[in-house]
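Dear colleague,

I am passing on the structure below, together with some notes on its secondary structure and packing. Please read them alongside the coordinates.

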Amino acid sequence: MIRLSGPFSNIRFMLRFIISFFLSVPLAGAASPPVYKDSGAPVEERIEDLVGRMTLEEKIMQLNQRTYGRNDNVNNHERVERPVDPTIGSVIYRSTSPALRNELQRRAMEETRLGIPILFGFDVIHGYRTIFPIPLAQSCAWDAQIVRDGCRVAATEAYLTGIDWTFSPMVDVARDSRWGRVAEGYGEDPYLNAVLGTAAVEGYQGSDLSEPYNIAACLKHYVGYSLSEGGRDYHYTDISAQTLWETMLPPFEAGVEAGAATVMSSFNDISGVPGSANRYTLTEILKERWGFDGFVVSDWGSVEQLINQGVAADRREAALKAFMSGGGDGYGGQRLHGAPRGAG
């Protein structure tokens, strides 16, 4: 599955993330590395240099994401369904094998033309190895430090198994108990979601994403997903401007101000315009008004969902509409960016 995001400015945001935190060491034996691999050069110059070198195909591959590795059953240990193209932007990493992860990263950095590393993501929601209460239960403590500490532990454990990015925190303000994702968020209050969402971002990311034991956070689901009519997933949401600005957006704005590296666009139809093809929310609000300089990843299948929502005739048009809106790269088969800590 493919999820493109929008326009190629989103590639620039993604490359800024990669270059700033992961692509700072020249290849061994390179006497005069290209500008994009020169850790002493300004980040913007490195981005310009790398983008200028990329082919259209390489840019598109950076906007793709695959699942990789299966270890739910001992018979599937270290088995993948099909080979992963090492030029891909990211993978949802379902294995715990260092050898599997490092081999894919080695191929990306040593066997591709530009050596752009892969970003490894996973749903680290309320702990990784050490399991904490669900976010809804955590919110009952009214204690941001508890959330921050739990996410710090989760980030450390995830980092040590090769994860660079989590699809968390969920800061959807949820007031309908029929909606199946209520447990993953911090409840019905915008302020509490903002405070605890900020704490989660700080816990996952620390003060510097380039430092060990820190992983990138992802604010989700942007925006209004919890208002799905009748509590039915992927459904229509009727959101007035007042509800959008007073209830749904504040937790996301707080998370952006806290420095969240990524945002996930939502499944839902927002009063007629789907979240993953909504230029108003993804570009005008998120990027232009709030100044978000991270990148957007689309939720699992939400770009292809544009067909079912009646705004795209086929996958080609769905990808184009998501791309031009400023929306997602790809989660669960769509796209993401590049990645982390070498092949070691």
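In what sense do strand β7 (residues 262-265) and β10 pair, and over how many bridges? The two strands pair in the parallel sense, over four bridges, and Ser265 has Ser298 in β10 as its bridge partner.

Before going further, please note that this is a predicted model, in which local features need pLDDT of at least 70 and side-chain atom pairs count only at pLDDT 80 or more, whereas totals for chains, interfaces and linings use all residues. Residues are numbered from 1 along each chain as its sequence is written, and side-chain values use heavy atoms, with hydrogens and water left out. Helices (H or I, at least four residues) and strands (E, at least two) are DSSP runs numbered from the N terminus, and two strands pair if DSSP finds at least two bridges between them.

The sheet with β7 and β10

Three strands form this open sheet, in the order β5-β7-β10, with parallel pairing. Because β5 (218-222) and β10 (295-298) stand at the edges with a single partner strand each, one side of each is left without a neighbour in the sheet. From one strand to the next the twist averages 25 degrees. Helix α9 (residues 279-289) packs on the sheet and touches β5, β7 and β10 (contact means heavy atoms within 4.5 Å), and its direction makes about 140 degrees with that of β5; axes here are lines fitted to C-alpha atoms, for helices over the stretch in contact, and angles run from 0 to 180 degrees between N-to-C directions.

Helix packing

The axes of helix α7 (residues 190-205) and helix α8 (residues 241-257) come within 8 Å and cross at roughly 15 degrees. That makes α7 roughly parallel to α8, given that angles under 35 degrees count as roughly parallel, over 145 as roughly antiparallel, 65 to 115 as roughly perpendicular and the rest as oblique. In this pair, Pro190, Asn193, Ala194 and Thr198 of α7 meet Glu246, Thr247, Pro250, Pro251, Ala254 and Gly255 of α8. Helix α8 also packs with α9, at an angle of about 50 degrees and with the axes 12 Å apart, and the two are therefore oblique to each other. The residues that meet there are Leu244, Trp245, Leu249 and Val256 in α8 and Tyr280, Ile285, Leu286 and Arg289 in α9.

Strands β1 and β2 run parallel and are joined by four bridges, with Tyr68 opposite Tyr93 in β2. Strand β2 also pairs with β3 in the parallel sense, over three bridges, and here Ser90 stands opposite Leu119 in β3. From β2, Ser90 and Ile92 point one way and Val91 and Tyr93 the other, yet all are buried, that is, under 20% relative accessible area, where exposed means over 50% and partly exposed in between (1.4 Å probe, protein chains only).

In α4, the buried residues are Leu100, Arg101, Asn102, Leu104, Gln105, Ala108 and Met109, and what covers them includes β1 (65-68), β2 (90-93) and β3 (119-122). The 13 residues of α4 (residues 98-110) should span 18 Å at 1.5 Å a residue, which agrees with the 17 Å between its end C-alpha atoms; the expected span is 1.5 Å times one less than the number of residues.
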